[in-house]
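Me: I am new to this structure and would like to understand the terms used to describe it. Could you take me through them with care?

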Amino acid sequence: MKMKNFTRRKFIVNTSAVTAGTLLSTRVPVFGASNKATVSGLALKGGTPVRTNGWLEWPVWDAEAEEPVLSVLRSGDWYRARGTKVDEFEKAYADFIGARRALATASGTTALETALHVLGVDAGDEVIVSPYTFIATYNVVLNQKALPVFADTDQETFTINPHKIEEKITEHTTAILPVHILGLPADMNRINAIARKHDLVVIEDACQAWLAEYEGKKCGTLGDLGCFSFQNSKHIPSGEGGAVTGNDDNIMDLCHSYHNCGRPYGKSRNEFTGYPFRGGNKRMMEYQAVILISQMKRAKKDADKRLENALYLDSKLKEIPGIITYKLADGADRSAYHLYPFRYKKDYFDGLPRDTFLKALSAEGIPCSGGYGPQYHDGLMEEALNSKGYQRLFSKQRLDAYREELKNLPDNDQLTREAVWLFQNMLLAEREDMDDIVNAIQKIYENRKQLI
Ligand SMILES: *Cc1c(COP(=O)(O)O)cnc(C)c1O
């Protein structure tokens, strides 16, 4: 496997090491007749896996990133007000995304909390949100003591179904929080039109969507504010970290104040002294910023590589019965591919359960996941709704109706049963590595009866 783009070559070591010759002999064409891997049987049943040489380990960094980190360490200027690196990163990230401003934060979660607070999402409000997302998107709404009102998911695009939003709007709705989940842009034209019509703000959860594009613009620049994460697993990682992006100076000044204990910032500095706003400490450290500055250098090339491999996978996987590749929402130009998703229709696999399919695929050397479950049934919502604050803020009638609404997300429920994810690091490999993925799925399809 060629990984020439990276100076650090760390691969997941596979216990069953085999020779290159064996590897080549197991690489078979899609729908190939003389399929040796097929002949050897499914790996889950003791046969030879399609792939044994692992995948790139994430994150990756290069030696050039080491000196700036040490230099921050030696300076003692670790906090943003004593250094220049966070400021430098903010400028660079704003350019990178095509936003007027960026504010660096401690995490994606704190970026979202900052955006919600500054755009006026308050206790007792309702926020329309996609149910198909990382749990942080639910949490930030709950942490504002607002109600996350889920609009069902469009199974084809994995994103919020814009046709399900308007019916969820009440007199308490203040914001729509679409998520560009897995890197797939949400249908922002329709979402923004609904927001304008009902006088709502739009906050994009772009925490998985660095360089994803919608009508020629980057995700995170399409709503009132965009929010990003730089957590360890993300495409531009620094362990923890986040950003709010926006084009309105007054709003961005308030975001800065909020993330810095409410100290006045920018234009607001001329009007106020002391601590005139509520706020908290949601600041990024100088170390994080120097890591991000170096990670950003590679991000565009990585994104292009993922796109190229994803388009190749699309073209091959859609030929396999029962594998439904994702669709981009209207207006979306490209995904960031934080995950590469497809839907698994078990009927085409003679009823083979998705969990068995996932186990079989993993056994073939292709790591995969079933993705998010129906998290609104995990207990979090009840815990919040039964808390003192929610009991005080919302009528019993509203909370009872809300509980019923949670039972009526059929498309999202189905998606959580059928989704399959492949991971972003796999898309940084070469085309022949993508063939391993295709061949493994094809092999399971051809041998499905062995697993039933
Ligand atoms: C990662 C992520 C977040 C939260 O980011 P953190 O940096 O982990 O706080 C929010 N939303 C989505 C969709 C994410 O993937």
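Me: What makes α10 a kinked helix, and where is the kink centred?
Reply: In α10 there is a kink of about 35 degrees centred on Ala299, where the bend at a residue is the angle between axes fitted to the seven residues ending there and the seven starting there. Helices here are DSSP runs of H or I with at least four residues, numbered from the N terminus. This is a predicted model, in which local features need pLDDT of at least 70, side-chain atom pairs count only at pLDDT 80 or more, and totals for chains, interfaces and linings use all residues. Residues are numbered from 1 along each chain as its sequence is written, and side-chain values use heavy atoms, leaving out hydrogens and water.

Me: Why is Leu182 called buried?
Reply: Buried means under 20% relative accessible area, exposed over 50%, and partly exposed in between, with a 1.4 Å probe and protein chains only. Leu182 has 0% relative accessibility, so this residue counts as buried.

Me: What makes Asp199 exposed?
Reply: The relative accessible area of Asp199 is 71%, and therefore Asp199 is exposed. Asp199 also has a positive phi of about 55 degrees although it is not a glycine, and its place is the loop between α7 and β5 (201-205).

Me: How do you know that α10 is mostly covered?
Reply: Of the 32 residues in α10, 23 are buried.

Me: What kind of peptide bond joins Trp58 and Pro59?
Reply: The bond joining Trp58 and Pro59 is cis, with omega about 0 degrees.

Notes. Helix = DSSP H or I, 4+ residues; strand = E, 2+ residues; numbered from the N terminus.
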